[in-house]
Amino acid sequence: HRVAVQVAGGPAPAVRNLTVNSSCGLCGRTDIEALIDGMKPVAGDIRVDARVLYEVPDRVRKAQPLFQASGGTHAAALFDASGKLLVVREDIGRHNALDKIIGYALLSSVSMAGVGVFLSGRTSLEMVLKAARAQIPLVAAVSAPTAAAVQAARRAGITLCGFVRGDEITVYTHDERIAQAV
């Protein structure tokens, strides 16, 4: 299966100071600040109860056959405001897992405005930029975000949550999308 995409009139090719083989896509770029400044603000209207977020990691883990067999894969999942998983994808690379769910959503015409994404690892700047480009308003992860990820999420209008484990959650940005459990 192949997809060929040709962009007319897009931005100039990125200037890099090293050879890039495969990675997050930002390694060696000299224009990261321009990328952040050029992000379209995310305006999705999802609102999720914190109790729903507490349940998402277990739901994702149960939908990870490769992780269950190997213990060595990352997962990314799209979920709706009720916590229903729309898609879960695994990969050895966390960036690839996120790319897979975004690709699925695009090919299946899933509206990103009313969904969140759950990540099985830490949230880096690159992950937030991918979510911003896809217009995903909520990013939740089992681990910590980097400082650059928090800054980018704040600027992009993304609700960023980390340490989503059991009955814990840390909301770093745009907490208006998270209803606190009572």
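In the predicted model, strand β6 (159–165) is largely enclosed by the rest of the structure, because 5 of its 7 residues are buried. The cut-off for burial is a relative accessible area under 20%. Strand β5, which spans residues 138–141, runs parallel to β6 and is joined to it by 3 bridges. Within this pairing, Val139 is placed opposite Leu160 of β6.

Strand β6 also takes part in covering helix α6, as do α5 (125–134) and β7 (168–173). Helix α6 comprises residues 147–156, and its buried positions are Ala149, Val150, Ala152, Ala153 and Ala156. Viewed down the helix axis, the buried residues of α6 lie within an arc of 170°, and they therefore line one face of the helix. The elements listed above, β6 among them, are included in what covers these residues. After α6 comes Gly157, which has a positive phi, near 85°.

A separate feature concerns the surface. Val3, Val5 and Val7 make up a nonpolar surface patch of about 350 Å². Of these residues, Val3 is located in the segment that precedes α1 (32–37). Val3 is classed as exposed because its relative accessibility is 67%, the threshold for this class being over 50%.

Technical notes. Residues are numbered from 1 along each chain as its sequence is written. This is a predicted model: local features need pLDDT of at least 70, side-chain atom pairs count only at pLDDT 80 or more; totals for chains, interfaces and linings use all residues. Side-chain values use heavy atoms; hydrogens and water are left out. Patches are made of residues with over 30% relative accessible area and no salt bridge: like charges are joined within 9 Å, nonpolar side chains (Val, Leu, Ile, Met, Phe, Trp, Tyr) within 5 Å. Accessible areas come from the Shrake-Rupley method with a 1.4 Å probe; for residues, only the protein chains shown count as cover. A salt bridge is a side-chain nitrogen of Lys or Arg within 4 Å of a carboxyl oxygen of Asp or Glu. Helices (H or I, at least four residues) and strands (E, at least two) are DSSP runs, numbered from the N terminus. Buried means under 20% relative accessible area, exposed over 50%, partly exposed in between (1.4 Å probe, protein chains only). The arc is that of the directions from the helix axis to the C-beta atoms. Contact means heavy atoms within 4.5 Å. Two strands pair if DSSP finds at least two bridges between them.
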